[in-house]
Amino acid sequence: MKKPCIGVSGSILRDNSGPYVDLLRSYVNDDYTHSIEEAGGIPVIIPFTKNLELARETVARLDGLLLSGGHDVYPLHYGEEPLQGLGEVWPERDQFDFALIKAAEEKQIPIFGICRGLQILNVYRGGSLYQDLKYDQNCTIKHSQNQTPSLGTHTVDIKFESKLASAIGRSTWITNSHHHQTVKHVGKGLQVVARAKDGTVEGLEDSSYPWLVACQFHPEMMSETDENAKCLFAAFVAAAQNNVNK
């Protein structure tokens with residue numbers, strides 16, 4: 001059986017550690033590609049490019065799209081001026097991700113958003129973000145754990161009828177947490193399917209789309225040892241496999 005090819009949105013790493021000054025490297029964290037491999041897919045890193053037509057043509061050759069983490073989303077994309085709690089932004093990366101999402105939706109291939117991937121998907125659909133969790137008065141839990149990446153540190157409650165709950169076979173999950181931005185207003189066609197105990201949005205889906213799941217936490221960092229994370233990646237790759245078999 002032909003394995004599905006899963007595109008992972010890439011970023012740029014500035015490397016000044018070697019003999020070269022300001023060397024730019026195309027990259028994604030290895031745990032994204034490893035999680036896809038272990039679930040039976042073929043990971044394909046999509047290098048960042050300003051050539052958005054090239055980005056769209058790349059997606060046209062894929063069976064699924066994973067939107068990876070990274071920079072804060074440029075707040076002017078959702079009609080806000082930058083607040084003091086905003087981190088580093090990269091508007092060109094936002095446009096790159098928008099192009100990937102548009103191409104994936106046109107092809108109706110599975111989309112899996114992780115951390116920034118959830119945020120950029122929400123903004124693409126017309127939603128907005130808290131530029132920093134201190135601007136959300138309801139946020140009381142520590143969401144940037146600053147320790148072992150794979151360690152589960154808080155509870156996420158998941159709607160039982162969601163694809164996320166169906167994938168892992170349960171409605172609660174002790175997840176890791178590595179973010180300082182989150183969803184404020186939900187984008188068009190998206191539904192909140194998971195929340196932390198303080199109400200922070202931890203999962204979004206589109207019930208009208210064949211398979212679209214977005215997580216604010218990082219299951220790729222947990223998939224080495226956490227069965228829920230393994231099951232979620234397996235569900236994503238299985239949805240992509242269905243596209244291959246059509």
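**Aromatic pairs and a helix contact**

Mentor: At 0% relative accessibility, F112 counts as buried (under 20% relative accessible area; exposed is over 50%, partly exposed in between, with a 1.4 Å probe and protein chains only). This is a predicted model, where local features need pLDDT of at least 70 and side-chain atom pairs count only at pLDDT 80 or more, while totals for chains, interfaces and linings use all residues. Residues are numbered from 1 along each chain as its sequence is written, and side-chain values use heavy atoms, without hydrogens and water.

Trainee: Why is the pair of F112 and F236 edge-to-face?

Mentor: Their ring centres are 5.2 Å apart and the planes stand at 65 degrees, so the pair is edge-to-face. Rings of Phe, Tyr and Trp (its six-membered ring) pair if their centres lie within 6.5 Å; planes under 30 degrees apart are stacked, over 60 edge-to-face, the rest tilted.

Trainee: Where do F112 and F236 lie?

Mentor: F112 is in strand 6 and F236 in helix 7 (residues 227–245), so the pair ties together parts 124 residues apart in sequence. Helices (H or I, at least four residues) and strands (E, at least two) are DSSP runs, numbered from the N terminus.

Trainee: Is F236 buried or exposed?

Mentor: F236 counts as buried, at 0% relative accessibility.

Trainee: Which residues form one aromatic cluster with F112?

Mentor: W211, F233 and F236.

Trainee: Other topic. Which residues of helix 3 does helix 2 meet?

Mentor: L52, A55, R56 and V59 of helix 2 meet Q95, F96, A99, L100, A103, A104 and K107 of helix 3, contact being heavy atoms within 4.5 Å.
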